Amino acid sequence: MDVRRRNNVHVTGAEDGPVVVLAHGFGCDQNMWRLVVPALAERYRLVLFDYVGCGASRLADWSEQRYSALSGYAQDVVEICEELDLRDAVFVGHSVSAMIGVTAARTAPERIGTLVMVAPSPRYIDDEGYRGGFGAEDIDELLESLESNYLGWSSTMAPVIMGNPERPELGRELTSSFCATDPEMARVFARATFLTDSRDDLKSVTVPTLVLECSQDVIAPREVGAYVHAAIPSSTLVTLDATGHCPQLSAPDATASAILGFLADRR
């Protein structure tokens, strides 16, 4: 199996530096990291990739059976790490990829030694004693809208997810990224993202972990960041002075600085 071609894997940065794997979220691809790559690449060897069904991945390798659960995406990560023979890598996961990284680290602990969770959420639906940001009916309506008119949903939701209405170019970029994804594959990934409850998985995290949250984020409110931080004893919580759910685009300097500072403290 040609994992590099399947997942459109690219390696850049410091050849002899510690390895950092950058994983995108739902509806996106590795291009979402381009504004933080220059700062990280000065010290680290960076691995970028697209999940199967996203970006320039090989779509022929997609199957609903595998990718209807987050474990399928985590298997992509593990197979990339195996293909590149990565050891003790830093896994930086945005949004749903934060929880995908948790699963990958548990599956292959020798491959991933540190987690950086950017705007994570283990559960998007509110529960007793837990605020995820959405009611069950909200998520049902979101998924129904996505499945009935994906392009229309993308045009409406992407600017909301991005935030920063005073910078409409950011919303347009996320809209374009969403619209470039095959609607059927997006439907499956969306259900895996918004209907999964990964709270119990946080108990398995024993590696050093950075939880990066934004000061204002309608998708992952600060209560979620606090929950994740409390659930992972080895974690550090940093609140970025940023709005929206994609700080690697809206506040790339602050995002890169927080990651670099955390990693420097570990060395």
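Let's start with a side-chain pair: Arg-199 and Asp-197 are joined by a polar contact of 2.8 Å. By polar contact I mean a pair of N or O atoms within 3.5 Å; within protein, one must be able to donate a hydrogen and the other to accept it, and residues adjacent in sequence count only if both atoms are side-chain atoms. A word on the source: this is a predicted model, where local features need pLDDT of at least 70, side-chain atom pairs count only at pLDDT 80 or more, and totals for chains, interfaces and linings use all residues. Residues are numbered from 1 along each chain as its sequence is written, and side-chain values use heavy atoms, with hydrogens and water left out.

Back to Arg-199, in the loop between α9 (183–194) and β6 (209–216). Helices (H or I, at least four residues) and strands (E, at least two) are DSSP runs, numbered from the N terminus. Is Arg-199 buried or exposed? Its relative accessibility is 14%, so Arg-199 counts as buried; the cut-offs are under 20% relative accessible area for buried, over 50% for exposed and partly exposed in between, with a 1.4 Å probe and protein chains only. Beyond four places in sequence, Arg-199 touches Pro-122, Arg-123, Asp-127, Tyr-130 and Tyr-227, contact meaning heavy atoms within 4.5 Å.

Ser-198 is in that loop between α9 and β6 too, and is buried at 5% relative accessible area. Setting aside neighbours within four places, Ser-198 is in contact with Leu-70, Met-99 and Pro-122.

Now follow α9 to its helix partner. Helix α6 (residues 136–148) packs with α9 at about 170°, their axes 10 Å apart. Axes here are lines fitted to C-alpha atoms, for helices over the stretch in contact, and angles run from 0 to 180 degrees between N-to-C directions. The two helices are therefore roughly antiparallel, a label for angles over 145 degrees. From α6, Ile-139, Leu-142, Leu-143, Leu-146 and Glu-147 meet Ala-186, Arg-187, Ala-190, Arg-191 and Phe-194 of α9.

For contrast, here is a serine elsewhere. Ser-63, in the loop between β3 (45–48) and α3 (64–67), is partly exposed at 30%. A polar atom of the Ser-63 side chain lies 3.3 Å from the backbone nitrogen of Arg-66.

Which residues have the most contacts inside the largest nonpolar core? They are Tyr-51, Val-77, Met-117, Leu-174 and Phe-178, in a core of 71 residues. Such a core is a set of buried Ala, Val, Leu, Ile, Met, Phe, Trp, Tyr and Cys residues joined through side-chain atoms within 4.5 Å.

Terms used
Parallel < 35°, antiparallel > 145°, perpendicular 65-115°, else oblique.
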